[in-house]
Amino acid sequence: MRSTLHFLAGAEGAPGRSPSEERPSDDEALDAYSRVVTAVARDLAPSVANLRVTRRIRGGRTAMGGGSAVVITPDGFLVTSAHVVEGSRVGSASFVDGREMRFTVVGADPLSDIAVLRADAEDLAPAQLGDASDLKVGQLVVAIGNPHGYAGSVTAGVVSALGRSLPVGRRGGPRRMVENVVQTDAALNPGNSGGALVDGAGRVVGINTAVAGVGLGLAVPINDATRRIIATLMADGRVRRAWLGVAVGPRPLPPRVAGRLGRGSAIEVIEVVDGSPADLAGLHPEDLLVELDGIRLEGADDLQRMMTVERIGAAVKATVVREGELRAITLTPGELPE
């Protein structure tokens, strides 16, 4: 495996060697690629489950749905996409070894598209979680799902883009952007949502969530933020977030204010929800939010990152530009309604 990764990483050759000597031959490179993909598929297949769920739809009828999930503990905890189990609390999970078992939805967070399940088992094969922050564009990744229960689906490709954002949330409910989504050209087959995106070392670096276009897929990254969400869902069954009740977008600062602050942008309040914490604090549409609790705001994601559970009910100072003048406003975030 070490030589395999050496070929794929493009390690520097020894001094004095010609470029042709430094690079593996086509046959060697193909063999190295194949060894990585087959090893990852072999090691991860027992950790990826096929899910079958039923959900109620209009008229009192039920509909069948499905997807994949990744085992994260031997005693039955699995991670999948929240949209895979939306509207359902129970279902069945099957594995490549032929086992089939019931699962319950421990908790789902539509605003990160992550859900945690608990299966009736004590001896499952957990996958190793990696860190998507270490990924590089062009790096080999393998998408593993289990759309059929007893035969896993494996596709391979490369990381084609990093730093993308994905809008998520329930229909008709709050919406949010998942940041730093991983884009890959490893094809996502039907039923692969909730499955694993894996690096060449066999570590899960993302949860496959959506098809972004012909030949492109998106995965929610496994990083520090995702790990906290998973741990919170395992412990509490839900993720609490702070909420101001505003829709915002980026906006250049007026020249005079920009010169005074030494920066050129802030976020504009586009809409204020009636009765929300922002409304009660006197925030108005067209106000420009410059800082919150001393932290600069230049994009909607800056505000989003600050809306953590610790800020619920805690008064914070906001710096606002209104009618070309800087003003101070005190805001007390509430809890984001489910």
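Predicted model: local features only at pLDDT ≥ 70, side-chain atom pairs only at ≥ 80, totals over all residues.
Residues are numbered from 1 along each chain as its sequence is written, and side-chain values use heavy atoms, with hydrogens and water left out.

**View 1. Overview of the protein chain.** The chain has 7 helices and 21 strands; these are DSSP runs numbered from the N terminus, H or I with at least four residues for helices and E with at least two for strands. Of its 338 residues, 44% are buried. Here buried means under 20% relative accessible area, exposed over 50%, and partly exposed in between, with a 1.4 Å probe and protein chains only. Among contacts (heavy atoms within 4.5 Å) between residues at least 6 apart in sequence, 60% join residues at least 24 apart.

**View 2. The salt-bridge network of Asp97, Arg99 and Asp123.** A salt bridge is a side-chain nitrogen of Lys or Arg within 4 Å of a carboxyl oxygen of Asp or Glu. The whole structure holds 18 of them, and Asp97, Arg99 and Asp123 are linked in a network. Arg99 also pairs with Asp123, with the closest N and O atoms 2.8 Å apart. That pair links distant parts of the chain, 24 residues apart: Arg99 is in the loop between strand S4 (90-94) and strand S5 (100-109), and Asp123 in the loop between strand S6 (114-119) and strand S7 (128-129). Asp97 has a relative accessible area of 49% and is therefore partly exposed. Arg99 is partly exposed at 29%, whereas Asp123, at 54%, is exposed.

**View 3. The salt bridge between Arg203 and Asp199.** The closest N and O atoms of this pair are 2.9 Å apart. Arg203 is partly exposed, with a relative accessible area of 35%, but Asp199 is buried at 4%.

**View 4. The largest nonpolar core, with Val204.** A nonpolar core is a set of buried Ala, Val, Leu, Ile, Met, Phe, Trp, Tyr and Cys residues joined through side-chain atoms within 4.5 Å. The largest one has 29 residues, of which Ile114 and Val204 touch the most other members. Helix H3 (residues 26-44) supplies the largest share of this core, 4 residues. Beyond its neighbours within four places in sequence, Val204 contacts Leu44, Val70, Ala127, Gln128, Leu129, Gly130, Ala196, Leu197, Val198 and Ile222.

**View 5. The largest pocket.** On a 1 Å grid over the protein atoms alone, a pocket is an open set of points where a 1.4 Å probe fits, with protein on both sides within 12 Å along at least five of seven lines, and lining residues have an atom within 4 Å of a point. Its volume is about 1,400 Å³, taken as the space filled by probe spheres set on the points, which are joined across faces, edges and corners. The lining has 47 residues, and Arg176, Arg241, Gln304, Arg305 and Met307 are the closest to the pocket centre. Elements giving two or more residues to the lining include strand S9 (153-168), strand S10 (176-184), helix H4 (224-236) and helix H7 (300-306). By class, the lining divides into 26 nonpolar, 10 polar and 11 charged residues; Ala, Val, Leu, Ile, Met, Phe, Trp, Tyr, Cys and Pro count as nonpolar, Asp, Glu, Lys and Arg as charged, and the others, Gly among them, as polar.

**View 6. Surroundings of Ile312.** Ile312 sits in the loop between H7 and strand S19 (316-322) and is partly exposed, at 22% relative accessible area. The C-alpha atoms of Ile312 and Ala242 are 5.0 Å apart, although 70 residues separate the two in sequence. Outside four places in sequence, the contacts of Ile312 are Arg240, Arg241, Ala242, Pro333, Gly334 and Glu335.

**View 7. Val269 in strand S16.** Val269 belongs to strand S16 (residues 265-272) and is buried, with a relative accessible area of 1%. Leu283, 14 residues away along the chain, has its C-alpha atom 8.1 Å from that of Val269.

View 8. Most residues other than glycine have a negative phi. Asp113 has a positive phi of about 55 degrees and lies in the loop between S5 and S6. Asp293 likewise has a positive phi of about 55 degrees. Asp113 is buried at 6% relative accessible area, whereas Asp293 is partly exposed at 40%.
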